[in-house]
Amino acid sequence: MYPLEGAAAEEAAAQAAAVEDRRLVAGLRGGDEAVYTELLARWQPAMVRVARMYVRDRAVAEDVVQETWLAVLQGIDRFEGRSSLKTWVFRILTNRAKTRGAREARSVPFSALGGETGAGEPAVPEERFLSAEDPRAPNGWATPPRSWAQMPEERLEARETIDCIRMAIADLPEAQRVVIALRDIDGWSAAEVRDALEITDANQRVLLHRARSKVRLACEAQLEAA
Amino acid sequence: MSTVALSCRELVELVTDYFEDALPAPERARFDAHIAGCEHCTVYLEQMRTTIRLTGRLRAEELAPESVDPLLEAFRGWRRGRG
């Protein structure tokens with residue numbers, strides 16, 4: 001196969017995704033348990049994460065996810081493929097989680113989480129930069145980052161580094177945590193995250209930026225310690 | 001050419017938009033121009049790329065059987081109901 005570029009590549013990817021969706025939908029409609037468990041393995045952790053944004057605790061989130069799967073199965077005959085299967089499933093999930101969250105009075109409509117996007121927090125602590133008036137380099141680095149390029153891969157990928165990333169992510173505000181997990185752990189596209197969480201592209205990027213910046217800081221502290 | 005050069009402090013806030021290809025063309029040109037001449041920001045960009053790669057090493061959680069069992073039961077119940 002020749003590598004495709006730009007629009008052609010996107011077109012090919014969209015077609016492959018549509019073929020894959022047809023296989024999954026046919027499997028579910030036919031009661032194929034292997035297809036169902038495949039989808040559980042692929043989406044269940046992300047579904048619990050997304051549900052957690054709207055409801056009190058993990059048990060309630062798992063309950064919402066279970067309800068969602070049932071709704072998906074009951075509605076699968078009516079699925080028309082106007083959106084991807086994933087988008088459809090996560091839209092059902094988000095609606096149910098919101099309803100449950102509202103009943104719990106912990107309703108936090110995600111789109112209203114503007115205050116929690118962390119916009120305005122600097123990606124790098126202020127003191128790492130020179131002042132705007134500094135004659136050497138206004139707003140340039142005072143304490144520049146040091147390259148990790150010479151670090152052996154075993155050091156970079158050491159258990160300690162990965163644990164440190166895990167903890168940094170656990171400490172993030174809910175919305176940032178969900179976005180970085182979907183993007184950088186589960187490998188979702190920006191559009192998929194935007195659709196599943198019903199947020200704007202700009203919001204998605206702000207949340208991702210805050211999250212990644214904090215994880216980088218944590219890695220830096222870990223890798224440069226001792 | 002771009003009129004006002006980007007500072008390092010500004011650049012670090014644009015990294016995600018840069019990776020996501022969301023910068024308007026003039027802004028992207030300023031970003032590229034800055035990176036071309038700034039060793040520190042080049043390192044910063046490289047660190048962000050490494051951070052993203054390492055975050056990807058956190059595998060999605062494995063499913064605990066106790067959370068899967070009720071889901072499988074629901075599936076089998078639904079399938080029986082379809083006859």
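## Around Leu156(A)

Apart from neighbours within four places in sequence, Leu156(A) is in contact with Trp148(A), Met151(A), Thr161(A), Thr50(B) and Leu54(B); contact here means C-beta atoms, placed from the backbone, within 7 Å. Leu156(A) sits in helix 5 of chain A, residues 153-156. Helices are DSSP runs of H or I with at least four residues, strands are runs of E with at least two, and both are numbered from the N terminus.

## How to read the model

This is a predicted model, in which local features need pLDDT of at least 70 and side-chain atom pairs pLDDT 80 or more, while totals for chains, interfaces and linings use all residues. Residues are numbered from 1 along each chain as its sequence is written, with chains lettered from A and ligands numbered from 1 in the order in which they are written.

## Chain B and its side facing chain A

Chain B has 5 helices and 0 strands. Its radius of gyration, taken over C-alpha atoms, is 23 Å, well over the 12 Å that the globule rule (2.2 Å times the number of residues to the power 0.38) gives for 83 residues, so chain B is more spread out than a compact globule. Along the principal axes, its C-alpha atoms fill a box of roughly 70 × 25 × 15 Å. Of the 83 residues, 22% count as buried.

Between the chains, 36 residues of chain B are in contact with 44 residues of chain A. Helix 4 of chain B gives the most to the side of chain B that touches chain A, with 11 residues.

## A crossing of two helices

How do helix 9 of chain A and helix 4 of chain B pack, and at what angle? Helix 9 (residues 201-224) of chain A and helix 4 of chain B pack at about 95°, with axes 9 Å apart; axes are lines fitted to C-alpha atoms over the stretch in contact, and angles run from 0 to 180 degrees between N-to-C directions. The two helices are therefore roughly perpendicular, a label for angles of 65 to 115 degrees.

Residues making this contact include Arg212(A) and Val215(A) of helix 9 of chain A, and Gln47(B) and Leu54(B) of helix 4 of chain B.

Technical notes. Contact = placed C-beta atoms within 7 Å. Buried ≥ 20, exposed ≤ 12 C-beta atoms within 10 Å, placed from the backbone. Parallel < 35°, antiparallel > 145°, perpendicular 65-115°, else oblique.
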